[in-house]
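I opened my notebook to see how two protein chains sit against each other. Here is what I looked up, entry by entry.

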Amino acid sequence: MNDLELSVAQIVQKEIEITSRPFEKIAKELNLPEAQIIDIINYFCSEGLIRKFGAVLRHQKAGFNKNALVIWSVPELQINKIGEAFASLPFVSHCYERNPAFAGRYNLFTMVHSRDKDIRALVSSMSFLSGIGNFMILKSLQEYKKSSPEYF
Amino acid sequence: MDEIDKKILNILQKEFPLTAQPFLVVAEKCGISEEETLKRVQKMKDEGIIRRIGAVFDGAKLGRVSTLCAARVPEDKIDNFVKVVNAHKGVTHNYRRDHDYNIWFTVSAANADELAAFLNNLKEKTGVTDILDMRAVKTFKINASFDI
């Protein structure tokens, strides 16, 4: 990343203004043409450095008020198949294999979100789908921090 | 939130127009004016539904390391532990969960050494030593979008 790209990254990792021409604002700040700002962002997207550009929601306020970390004990040979199956479910936002496993056995981690359905019902459907009966639901009792990362 | 707000949110999350007047493009898709779109988006920002509009960078692609930690923290040490954890810039999520391992947080660091230094320092500063460090070895899904 060159200095120019870095200065754009430092701004857009935070936020753009809600205004008619948000990139013009950034352009003025950096003394560059507006089109170049957009080009740099597009370049970051095409390189995969930016995973997503757009609105990041507070899911609780957007109506997804039930969520839990659900962890699964999955045999190593099945982990790809089940990881991909869970990832395809719309109510699963994150799915990772982690090492070391929690409590020596829970190696697949999923975040499950729901608007109105009981989390337990969704988890039961995941258990049925995968054939994995050994899982743990870790409800959040309190949120201490939830923020967007700043890398630059 | 009415149907138009929901449509705006889905567009802003999934197909944000990277163009000079992004909200005009959103407005046209929703059949309302740019002015009304800006007003609605600002309102959802003020209400806290929208956390921010901007870039989500891929930490792994940038060569960073991240992990999920679970700590077993005695009740009387929780306040201080949470304070020290939250003060670290690389910590983005921190929750109390219903388990003996009661504090769960994610940390991102520039490299493995920085991460190890943070965890060592955390243990020293708080006296909490039972902290699990569970690295993601495979990412099947990481998706910050919600169908509204």
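**Entry: a term to begin with.** I count a polar contact when a pair of N or O atoms lies within 3.5 Å, and within protein one of the two must be able to donate a hydrogen and the other to accept it. I also keep in mind that this is a predicted model.

**Entry: B:Arg96.** With that term in hand, I looked at B:Arg96, whose side chain makes a polar contact with the side chain of B:Glu75 at 3.0 Å. I located B:Arg96 in strand β3 of chain B. Which residues does B:Arg96 touch, leaving aside those up to four places away in sequence? From chain A I noted A:Lys139, A:Ser140, A:Leu141, A:Gln142 and A:Tyr144, and from chain B I noted B:Glu75, B:Ile78, B:Asn102 and B:Ile103. I also checked B:Arg96 against B:Asp130: they are 34 residues apart in sequence, and their C-alpha atoms are 15 Å apart in space.

**Entry: strands across the chains.** I found that the bridge partner of A:Gln142 in β3(B) is B:Arg96. Strand β5 of chain A (residues 135–146) pairs with strand β3 of chain B (residues 91–97) in the antiparallel sense, over five bridges.

**Entry: the whole interface.** How many residues does each chain bring to the contact? I wrote down 75 residues from chain A and 70 residues from chain B. The size of an interface is often given as the accessible area lost when the parts come together.

**Entry: polar links between the chains.** I listed 41 residue pairs in polar contact across the interface of chain B and chain A, both residues being at pLDDT 80 or more. Strand β5 of chain B (residues 131–142) supplies eleven residues, the largest share of the side of chain B that touches chain A. Sorted by class, that side has 35 nonpolar, 18 polar and 17 charged residues.

**Entry: salt bridges.** Which side chains meet in a salt bridge at 2.8 Å, N to O? They are those of A:Glu15 and B:Lys45. I then looked inside chain B, where B:Lys6 forms a salt bridge with B:Glu3, with the closest N and O atoms 3.6 Å apart. B:Lys6 and B:Glu3 both belong to helix α1 of chain B and are three residues apart, about one turn of the helix.

**Entry: aromatic rings.** A pair of aromatic rings is described by the distance of the centres and the angle of the planes. My count came to twelve aromatic pairs over all chains. One of them is A:Phe53 with B:Phe16, a tilted pair at 5.3 Å centre to centre, with 50° between the planes. This pair crosses between chains: A:Phe53 is in strand β1 (residues 50–57) of chain A, while B:Phe16 is in the loop between α1 (3–14) and α2 (22–30) of chain B.

**Entry: two backbone details in chain A.** I found a cis peptide bond joining A:Asn99 and A:Pro100, with omega about 0°. A:Pro100 is in strand β3 (residues 92–102) of chain A. Where is A:Asn31? I placed A:Asn31 in the loop between α2 (22–30) and α3 (34–46) of chain A. Its phi is near 60°, a positive value in a residue other than glycine.

Note on methods. Residues numbered from 1 in each chain as written. Chains lettered and ligands numbered in written order. Heavy atoms only, no water. Contact = heavy atoms within 4.5 Å. Salt bridge = Lys/Arg side-chain N within 4 Å of Asp/Glu carboxyl O. Helix = DSSP H or I, 4+ residues; strand = E, 2+ residues; numbered from the N terminus. Nonpolar A, V, L, I, M, F, W, Y, C, P; charged D, E, K, R; others polar. Pairing = 2+ DSSP bridges. Phe/Tyr/Trp six-rings, centres within 6.5 Å; stacked < 30°, edge-to-face > 60°.
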